[in-house]
Amino acid sequence: MALINFENVYKSYRLDKVDVPALRGVSMAVENGEFLAVAGPSGSGKTTLLNLIGCVDVATSGELKISGENTSHLTDKQLTNLRLNKIGFIFQSFNLIPVLNIFDNVEFPLLLQKTLSRKERVERVRHYVEKVGLLEYIQHRPSELSGGQRQRVAIARALVTLPSLVLADEPTANLDSENAQNIIHLMRELNRNEGTTFVFSTHDHRILTEAKRIVTLEDGRITSDEKR
Amino acid sequence: MIWNLAIRNLRAHKVQTFVVGSIVFFGTLISVIGAAFLDSVSLAIRKSITQSIAGDIQIYSSKKDVQFSVFGNSQGGDFPDIGQIENFPEVKRAILENIPNVKEVVPQGINFALLNPNTTLDRLLTDLRNHPETNALVQADTKEHVRTLAQRLGATYEKNALGFLKVTPEELITTRAALARATSNPFWDQFDSNRNDSLEFLENKIAPLESNDAMSYFFYVGTTPETMMRAFPLIEMVQGQPIPPGQKGFLFNEFVYEKTIKHKIAVRLDAIEKKLHTDHITISESKELQQKIQENVNQAPEFASEISPRVSRELASNLQNFLSIASGTTAELLPQFFKMNDANFATRKAYFYKTIAPHIVLYRMKVGDVFPLTAVSRSGSPNSVNVKLYGIFRFKGIENSPVSGYFSILDILTFRQLYGHMTPDRKAETQALEAEMDGALSAFDASNASDLFNQNIAVTSNTEGTNSSSNSSSNSSSNKDSNANPRSNEAQTRAKKSMNTKDVDTKNYTTQEMENGVTPNAAIILSNPNKLDETLRNIRKLFADKNWMLKAAPWIEVSGVLGQAAFVIKSILLLFMTIVYFIGIFIVANAVLMTTLQRTKEIGIMRAIGGHRSFIRKLILSEVFLMSTIFGALGVSAGLAIVTWLGVKGIPSPNENLEFLFSGPRLYLSVSASNLAISYGVAVLVCLGASLYPIRKAVKIQPITAMRAD
């Protein structure tokens, strides 16, 4: 069973009494362990696609199944649980909680899960912070870190719950090219070593070269789906 | 984690935290002070009412359907007939024996009285009559004084007779003749040769012309004085002694004594000084004080006439020196003297009391005096009885309050006489007196013959029956006047005589005699006033069991508007607090909403990475809870500190009327632990309540907001 399965998915937004289509009949499947980039120009529907996969939005029509569950039929609570337990998020603007330090930010989803003991949490958090190479900054506030460092914290936060899927919406858009490369390498490494599925959107060609599969969107439709 | 996050959020949003915190802080502060004020005023009112007159519980007959108030109704001083407690001694015994927590049962009867003290002329004539043996110099001075007063009366009479008095032409002629005689040389030359007749003429014809505007009105509680004094701890003697047990007698309340028995000019000077001291105003800026000064100036001629001619002459030079004026008589100088201003008030007032006051009657009644107390009986007719003034008391702490200040104390036996409840002894006496007076008057009527006027007609006094202490006769020249209206004139004189006679009942009465009689109501004093409700139930049950037609009312029900005052103040404060809290809710809700909306993105992120709505709700509630508990605790502490400080220093009463409510010139605040807890709890609850709307907004924030680029 595919991790993600799109069946003729439509999504439109209402803007000034006019329905603006964002996705017009998308069908595709993503398997476990993929490292998939969604490419395309601005307004092609990349972010909408990721929002639907991330369960922060639901399709207007068609079927989107995540781990076999049709997201259109889930309650807010169920969607939240799905986000909490199955999905990790990496945002374009990092989106760390500013009042919390690095440790607390990474620990945050574990606390929401309430499944681990304190000791286990500390171990898990330190493991991932170490993995993204920021152990020495663990007590720092996000504002004390550089953009690249912040995004690495976000990656640690996204992975700490051991999600089957990590979504990254333009994770390198706010970074210089060196940092962008580093982030992509880190993601690739985690994908390779831990088998985590990554779906990220980007229009940076240098980063696209790292992807194992590139889905290109144009005007809400998939125009190419290229595996490498 | 929520707490950790909440604390960090509060720290991060310092402005909002400060705004909400301040609201909570001042809210609890005001609420603590308000509650303390309310508690203290309630306690003070209760103290003022229960420890002065009312007691904790009042009992009275339930036969009449009237609302009884010990302080009179809202119009003041209207005491309806409340009937009486049947067989009071038995009721008292039953209550004391059967009801625990009852300390005293004090019989009471409240009524309105007036007092019409002697005028200057009355006083001088009494002196002449009672002390014919005093030295010639004093005698001459007194006579001259009477003569000057008669001259003065003549002048005012002419003015008034043609004005509002509306006298008949005959009256005008006779009165003019009498005045002419009283100021003539021959009359005074022959005064001593026919002393009794001359005095009689002055007493009958001249003295009644002097108007008496110095009537004093007040209330009194008829009671068994020693129980009353024991039961009501606020009563404190300031002069004289309590009424001895078993004796009839009267105790003046210092308030009414100082205000109405003291000379009016002195009362005004006292009032001005008090205003200057307590209100920190000056005469030049107060219309009210200027008015008082003017009233003193206006009264100066009358005042001058109260000083004897000899003293007047002596005083003139002293006044000239004091005022630095080269010439002038006392009568001329006094109006200038009383025209005081801010610069000279203090020295003139001191001079008044030191140099002038000793020559006039400063208090028209003194401790030890026997005087006629007039009251309206139950049937509505005025009734007078001689009573002895044993002393002057005050209600400690509330001595300046007019509410309780107009209540004096009278023995219950005299109360019954005045109210129309006669003892058998008294009834017999009165009948004898009436018979005698009728006899005398018919004798007077029957004989218009001149020889009758030389005959002594016995005038009776209350207790001794016929005596010869005062003789009534008329000489031929007053014969014609008497004919004008002999009965009324003579009756007037008689009434005055019987009152002026210092006869008073000095019999010793037993407690049984005191209590065994009409008792309109009774005050019950409790050992533990906090058990009021329980005791009230027990008393009512006792009355029901015994089938007594009696009502038992808590103090708050028998104190009229005063009892309600506590309720009104409570309501106003409650309303005020409600408004404060409503404003508080509004501001807190807004501030929390503001922080929430500012953190829309953050909340969106938390929702996106798996935070449930319940998590967001808990987070905001925790923040508000933390803020309200911390700042609430600070507010309560600050409030407690202020209340404690005010508990030592006291809040000054803005005016005398409020002193009753404050139970003294200052209100000393105190606050109960339960009120502190309530203030604290309400503040926290109000804040949590205020955060409901922002929370509703917050949980609606969609996780998708996190995905949007900044």
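Asp, Glu, Lys and Arg count as charged. Ala, Val, Leu, Ile, Met, Phe, Trp, Tyr, Cys and Pro count as nonpolar, and the others, Gly among them, count as polar. The legends below describe close-up views of a predicted model.

**View 1. The second largest pocket is lined by residues that include 17 charged ones.** This pocket has a volume of about 910 Å³. Its lining holds 27 residues, and the closest to the pocket centre are B:K259, B:A271, B:K274, B:N400 and B:E656. Besides the 17 charged residues, the lining has 6 nonpolar and 4 polar ones. Which helices of chain B each supply at least two residues of this lining? They are helix 10 (254-261), helix 11, helix 12 and helix 27 (656-662). Helix 11 of chain B gives the most, with 8 residues.

**View 2. Helix 15 of chain B has its buried residues on one face.** Helix 15 runs over residues 345-356. Its buried residues are B:F345, B:R348, B:K349, B:Y351, B:F352, B:T355 and B:I356. Why do the buried residues line one face of the helix? Seen down the axis of helix 15 of chain B, they fall within an arc of 160 degrees, so they line one face. On the other side of this helix, B:A346 and B:K354 are exposed.

View 3. A search of the whole structure finds 5 cavities of 30 Å³ or more. Four helices of chain B each supply at least two residues of the lining: helix 1 (2-12), helix 2 (14-54), helix 24 (560-598) and helix 26 (613-649). By type, the lining divides into 7 nonpolar, 6 polar and 2 charged residues.

**View 4. B:S679 makes a polar contact through its side chain.** B:S679 lies in helix 28 (residues 673-690) of chain B. Is B:S679 buried or exposed? Buried means under 20% relative accessible area. B:S679 has 3% relative accessibility, so B:S679 counts as buried. The partner in the polar contact is the side chain of B:S31, at 2.8 Å. Leaving aside residues up to four places away in sequence, B:S679 touches B:T28, B:S31, B:V32, B:A35 and B:Y581.

**View 5. B:F393 is a buried residue in a strand of chain B.** The strand is strand 7, residues 382-395. The relative accessible area of B:F393 is 0%, so this residue is buried. How many residues apart in sequence are B:F393 and B:N253? They are 140 residues apart in sequence, but 5.2 Å apart in space, C-alpha to C-alpha. Not counting residues up to four places away in sequence, B:F393 touches B:I235, B:E236, B:M237, B:V238, B:L251, B:F252, B:N253, B:E254, B:F407, B:S408 and B:I409.

**View 6. Chain A contains 7 helices and 10 strands.** Chain A has 228 residues, and 55% of them count as buried. Now take the contacts in chain A between residues at least 6 apart in sequence. Of these contacts, 69% join residues at least 24 apart.

Note on methods
Residues are numbered from 1 along each chain as its sequence is written. Chains are lettered from A and ligands numbered from 1 in the order in which they are written. This is a predicted model: local features need pLDDT of at least 70, side-chain atom pairs count only at pLDDT 80 or more; totals for chains, interfaces and linings use all residues. Side-chain values use heavy atoms; hydrogens and water are left out. On a 1 Å grid over the protein atoms alone, a cavity is a set of points where a 1.4 Å probe fits but cannot get out, and a pocket is an open set with protein on both sides within 12 Å along at least five of seven lines; lining residues have an atom within 4 Å of a point. Grid points are joined across faces, edges and corners, and a volume is the space filled by probe spheres set on the points. Buried means under 20% relative accessible area, exposed over 50%, partly exposed in between (1.4 Å probe, protein chains only). The arc is that of the directions from the helix axis to the C-beta atoms. A polar contact is a pair of N or O atoms within 3.5 Å; within protein, one must be able to donate a hydrogen and the other to accept it, and residues adjacent in sequence count only if both atoms are side-chain atoms. Contact means heavy atoms within 4.5 Å.
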